[in-house]
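Subject: Structure for your review

Dear colleague,

Please find the structure below. My notes on what was found in it follow.

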Amino acid sequence: MQSAGNNALVERMIGAARLDVHTYEAVERDESATTSALIVVVLAAIAGGIGSIGEDGFVGLIGGVIGSVVGWAVFAAVACFVGTRILAGSQTSATIGQVLRTMGFAYTPLLLSFFGFIPILGGLIGLIGAFWFLATATVGLRQALDVSTGRAIGVALVSVIPAAIIAGIILAIFGIGR
């Protein structure tokens with residue numbers, strides 16, 4: 001990751017998509033990468049919004065970006081709590097920032113949702129991106145929390161419902177979503 005600026009961002013996104021543990025470790029340690037992680041989340045949300053713009057229009061795009069950012073932050077917070085307090089491994093030591101950064105870069109495959117506007121093929125490409133995201137999120141949690149793959153999956157499963165409820169409440173308070 002010798003590059004600067006956008007090149008480093010793109011290189012890290014590629015590394016995250018490739019499930020490269022060194023990329024996730026670098027992002028975990030680099031406190032300045034939190035903004036870059038946020039950029040990845042926003043780009044993925046914009047890609048998804050463009051992919052579904054025919055269904056939801058411009059308002060859906062804006063709501064989707066806000067919802068994605070809130071969802072990312074809430075899930076990272078809940079997963080950090082679950083991973084460090086409830087399902088911690090013997091080597092677990094993580095901060096919310098570390099989980100935010102690794103999970104943000106894990107959003108990279110969701111850029112494929114951009115192609116959602118293409119009949120049939122777009123849905124298939126989006127589905128591939130969603131399953132790929134499950135893999136990148138697992139690696140991101142595993143590296144941030146310093147746990148096994150199985151424990152990372154457990155953290156994700158235990159975290160997803162409370163995170164969805166909390167994010168839904170936050171978005172409802174601000175009138176975002178349906």
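In these notes, contact means heavy atoms within 4.5 Å. By that criterion, and not counting residues up to four places away in sequence, Trp72 touches Thr34, Ala37, Leu38, Val41, Leu100, Met103, Gly104 and Tyr107.

The model is predicted, so local features need pLDDT of at least 70 and side-chain atom pairs count only at pLDDT 80 or more, while totals for chains, interfaces and linings use all residues. Residues are numbered from 1 along each chain as its sequence is written, and side-chain values use heavy atoms, with hydrogens and water left out.

Trp72 is also among the residues with the most contacts inside the largest nonpolar core, which has 38 residues. Such a core is a set of buried (under 20% relative accessible area, 1.4 Å probe, protein chains only) Ala, Val, Leu, Ile, Met, Phe, Trp, Tyr and Cys residues joined through side-chain atoms within 4.5 Å. Helix α4 (53-86) is one of the elements that give two or more residues to this core, and the largest share, nine residues, comes from α4. Helices here are DSSP runs (H or I, at least four residues), numbered from the N terminus.

Ile120 is in the loop between α5 and α6, and Asp146 lies in the loop between α6 and α7. Ile120 is exposed (over 50%), at a relative accessible area of 79%.

Yours sincerely
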